[in-house]
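Come and read along with me.

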Amino acid sequence: MIAPVTETSAVPLVAVHDLARTFDVSAPWLNRVLERKPRQLLHAVDGVSFEIARGQTLALVGESGCGKSTVARLLVGLYAPTRGQVRFDGQDVHATLATRQARALRRRMQMIFQDPYASLNPRWRVQDIVAEPLREHGLVRDRAALRERVAELLRAVGLSPHDMTKYPHQFSGGQRQRISIARALATQPQFLVCDEPTSALDVSVQAQVLNLMKDLQRQHGLTYLFISHNLAVVRHVSDQVGVMYLGRLVELADKRTLFAQPRHPYTRMLLEAIPKLHAIGQARTPVQGEVPNPLNPPGGCAFHPRCPHADARCKAERPALQTIGGVRVACHAVQEGRI
Ligand SMILES: Nc1ncnc2c1ncn2[C@@H]1O[C@H](COP(=O)(O)OP(=O)(O)O)[C@@H](O)[C@H]1O
Ligand code: SF4
Ligand SMILES: [Mg+2]
């Protein structure tokens with residue numbers, strides 16, 4: 001009997017397993033020797049696992065410094081993992097980028113950054129910015145085809161083909177992010193990693209760009225990793241939400257469940273800080289405390305200094321991410337049924 005062909009759509013497009021990345025932030029060697037300082041390693045991401053199904057959006061949230069951008073960069077191969085693995089459509093990303101298949105893989109995943117002004121070359125015209133990936137990947141035959149494709153991409157993101165000859169500074173922040181999106185779409189990728197794509201924009205402009213991203217996702221069946229420090233933004237765009245704290249996932253749930261019934265005390269703290277629509281006039285609770293220094297993280301549960309439910313076990317023992325009621329959560333109190 002012939003073995004059935006594996007249904008590729010059954011394989012998640014993105015599968016991250018036990019991903020970790022440390023940075024060596026030691027003082028220079030001579031200073032270390034003279035000042036008798038030890039080597040210092042910063043665990044930016046430590047043991048993160050998740051999957052993203054085709055056409056779906058996973059949002060990663062957490063305060064600044066929690067390791068979100070490092071995860072983003074690991075996913076698209078801008079950083080090598082210290083431990084663990086990223087699989088894209090079944091292929092190990094890091095291993096593949098060292099082979100002749102690297103270009104084909106790069107074409108399938110693109111990244112959009114927070115500050116389009118920093119990621120768009122200010123000296124280039126829009127046509128060159130958007131055309132660069134088309135040229136790099138040899139996706140157009142001649143100049144006429146190139147112009148036609150750039151015009152098509154600009155129209156797809158709500159800009160005019162007449163904008164082609166302008167420079168980035170001639171656009172508003174929201175329009176500049178549209179240019180970055182057009183450029184990211186040029187290679188017809190399947191997966192977009194969006195690192196705080198709207199965080200630098202005004203609220204009303206933010207909504208327009210988020211709507212555009214949702215429309216493009218529907219039209220092209222795109223899969224997104226969407227990063228934000230703002231849970232309110234995540235509510236509009238995600239299917240699944242992962243909450244990160246000091247390099248680790250503390251909760252991973254589908255969006256509806258996470259917003260209706262947050263389990264981890266950190267998720268609850270972030271949610272309570274969002275102004276509630278139907279509680280006008282009711283004061284929101286600002287996020288309490290600060291993220292500890294990642295070079296000297298608290299022992300046990302890293303969240304314990306800020307947690308109202310911390311007990312002796314929390315200070316001594318790090319909670320593992322466990323599945324409880326269909327939600328993945330790393331908290332002793334939840335696991336013990338205390339909260
Ligand atoms: N290239 C790097 N070298 C040293 N430390 C880094 C580097 N990139 C990030 N970090 C550190 O790793 C931690 C996580 O950073 P980052 O992934 O940028 O978090 P986020 O995007 O959630 O704000 C922070 O403490 C940051 O200072
Ligand atoms: S493990 Fe303990 S300290 Fe950590 S979030 Fe849960 S209750 Fe709070
Ligand atoms: Mg970041």
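Ground rules: I am reading a predicted model, where local features need pLDDT of at least 70, side-chain atom pairs count only at pLDDT 80 or more, and totals for chains, interfaces and linings use all residues. Residues are numbered from 1 along each chain as its sequence is written, chains are lettered from A and ligands numbered from 1 in the order written, and side-chain values use heavy atoms, without hydrogens and water.

Entry on α6 and α7: I looked up helix α6 (residues 126-136) and helix α7 (residues 143-156), whose axes come within 10 Å and cross at roughly 110°. That makes α6 roughly perpendicular to α7 (the label covers 65 to 115 degrees).

Entry on α6 and α8: here the axes are 7 Å apart, at an angle of about 30°. The two helices are therefore roughly parallel (angles under 35 degrees).

Entry on α8 and α9: helix α8 (residues 173-185) packs against helix α9 (residues 203-220) at about 20°, with axes 10 Å apart. So α8 is roughly parallel to α9.

Entry on ligand 2: which residues come nearest to ligand 2? Of the 13 around ligand 2, I noted C301, C307, C314, C331 and H332 (near means a heavy atom within 4 Å). The shell divides into nine nonpolar, four polar and no charged residues; Cys counts as nonpolar, and Asp, Glu, Lys and Arg as charged.

Definitions and conventions. Axes are lines fitted to C-alpha atoms, for helices over the stretch in contact, and angles run from 0 to 180 degrees between N-to-C directions. Helices (H or I, at least four residues) and strands (E, at least two) are DSSP runs, numbered from the N terminus. Angles under 35 degrees count as roughly parallel, over 145 as roughly antiparallel, 65 to 115 as roughly perpendicular and the rest as oblique.
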